[in-house]
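Subject: Structure handover and findings

Hello,

Here is the structure for you to take over. Please open it first, then read the notes below it.

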Amino acid sequence: MNILPQHQDLAQFIQAFRLEMHRFPELSNQEFETTARIRAVLAQHDIRVLDLPLATGLVAEPGDANAKNLVVLRSDIDALPIDEQSGVDYVSQNPGVMHACGHDFHTSAALGAAILLKKREDTLPGRVRILFQAAEETGQGAPALLATGALDDAAVIFGIHNDPTLPVGVLGSKAGALTAGVDRFDITISGTGSHAARPHDGNDPIIILGQVIGAVQTLLSRNVPADHTAVVSITQVHSGSTWNVIPDQAWLEGTVRTFNQDTRELIERRLRQLLQGIATAFDAQIELNWQPGPPSVVNDAAWVDFALEQAPAAGFEALTVEASPIGEDFAFYQQKIPGAFVMIGSGGPYALHHPAFRVDDRALFPTADYLQRLAVAALEKLR
């Protein structure tokens, strides 16, 4: 993707920033150094930062502080608890922590957009608030930022996420549900332990665990309509400590992904009923801990069309993409503000959250350029 000569210095700067951010990733709500680095760059370019009660993350605002029209751009800054195996020469220096979801890419692109918008601040027909949001991976960052009131007067919000399944030079979105609603659950089964040679003296929780695992799969096949996409995955199972003892407890954990709120509620309700029935049948105690996460990202159709229309000016090919079962707390913003979430091709070859994940930096400056063009065009539309 071509970069004009006058933008070469900025392109190199934000790439260097990304590599530095990648070297020093921080987990959700621990992004203190990351926040300080972003703040220092914003101060260097005299970009206003809102005074908000946030421990980590911040909000920048190019444009006339008194202008009526307000457009919001969102990026995220946290990393994942993953040991990096990418082989890059800017590998994480924080053991067990990695930018395996590309938030370093999102942040650096948003920082580039902020600098570009500052350069044209005198002619902006409004304000642009740029969110450098903490704690996306835990789903806590967007609600915390909304609680500050920083988005109360926003007209529209746009967000991006890199997509390794798309080639560099392509971006995409779709109207309606783009990402899945995400819920997490864990189940504790309490039976009665015994000697492995005398199972009749106890109530084996491992046998009950097997029944639960098999029965959980019927939640989809016998409850959810075929045209309502949903996923239930069990991802951890633990029980016992040695070969000749039947334990008294078993535990499992998993996730549910849905695109429809009615389906989301149905699966939780039916899981509770199912576990109650198994507990009665086996005379055991079964406890379900259900942890709701972000709902589906549901894009406004008109703003999706608008966002895709701005792509060619920044050198991107725009297309309509399929919905993805990943989770995104950007969805919380859309419950308050209309807007669109856009996927940016980052070229693979590894999937998001893979320990060898990496992005192609050829997409970095064009993404910054796209974001600032999108913000300015939206302000023009609102004027």
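First, the ground rules. This is a predicted model, where local features need pLDDT of at least 70, side-chain atom pairs count only at pLDDT 80 or more, and totals for chains, interfaces and linings use all residues. Residues are numbered from 1 along each chain as its sequence is written, and side-chain values use heavy atoms, with hydrogens and water left out.

**Cores**

The largest nonpolar core holds 64 residues. (A nonpolar core is a set of buried Ala, Val, Leu, Ile, Met, Phe, Trp, Tyr and Cys residues joined through side-chain atoms within 4.5 Å. Buried is under 20% relative accessible area, exposed over 50%, partly exposed in between, with a 1.4 Å probe and protein chains only.) Leu 42, Ile 130, Phe 132, Phe 158 and Tyr 370 have the most contacts inside this core. Helix α10, residues 364-382, gives the most to it, with 11 residues. (Helices are DSSP runs of H or I, at least four residues; strands are runs of E, at least two; both are numbered from the N terminus.)

Ile 130 has partners that include Leu 58, Val 59, Pro 62, Leu 73, Ala 110 and Leu 117, not counting residues up to four places away in sequence. (Contact means heavy atoms within 4.5 Å.) A second, separate core has 26 residues, among them Leu 209, Val 212, Val 224 and Ala 279.

**The annotated domain**

UniProt, in an unreviewed entry, places "domain: Peptidase M20 dimerisation" at residues 181-276. Its positions are given in the numbering used here, its feature names are shortened, and its annotations may be inferred rather than shown by experiment. Over residues 181-276 the chain is 33% helix and 35% strand. The end C-alpha atoms are 25 Å apart.

Helix α5 (residues 205-216) and helix α7 (residues 261-282) have axes that come within 11 Å and cross at roughly 150°. (Axes are lines fitted to C-alpha atoms, for helices over the stretch in contact; angles run from 0 to 180 degrees between N-to-C directions.) α5 and α7 are therefore roughly antiparallel. (Under 35 degrees counts as roughly parallel, over 145 as roughly antiparallel, 65 to 115 as roughly perpendicular, and the rest as oblique.) Val 212 is one of the α5 residues that meet α7. On the α7 side, the residues include Leu 271, Ile 278 and Phe 282.

**Packing on α10**

α3 (residues 103-119) packs on α10 at about 50°, with the axes 8 Å apart. That makes α3 oblique to α10. Phe 105 and Ala 109 are among the α3 residues at this meeting, and Thr 367 is among those from α10.

Thr 367 is buried, at 0% relative accessibility. Beyond four places in sequence, Thr 367 touches Phe 105, Ala 109, Ile 160, Phe 316 and Ile 344.

α8 (residues 301-309) packs on α10 at about 125°, with the axes 10 Å apart. This pair is oblique too. Trp 303 and Phe 306 are among the α8 residues here, and Tyr 370 and Leu 374 among those of α10.

Where does Ala 314 lie? It lies in the loop between α8 and β14 (317-320). Ala 314 is buried, with a relative accessible area of 9%. The C-alpha atoms of Ala 314 and Asp 369 are separated by 6.0 Å, although the two are 55 residues apart along the chain. Leaving aside neighbours within four places, Ala 314 is in contact with Met 1, Pro 366, Asp 369, Tyr 370 and Arg 373.

Best wishes
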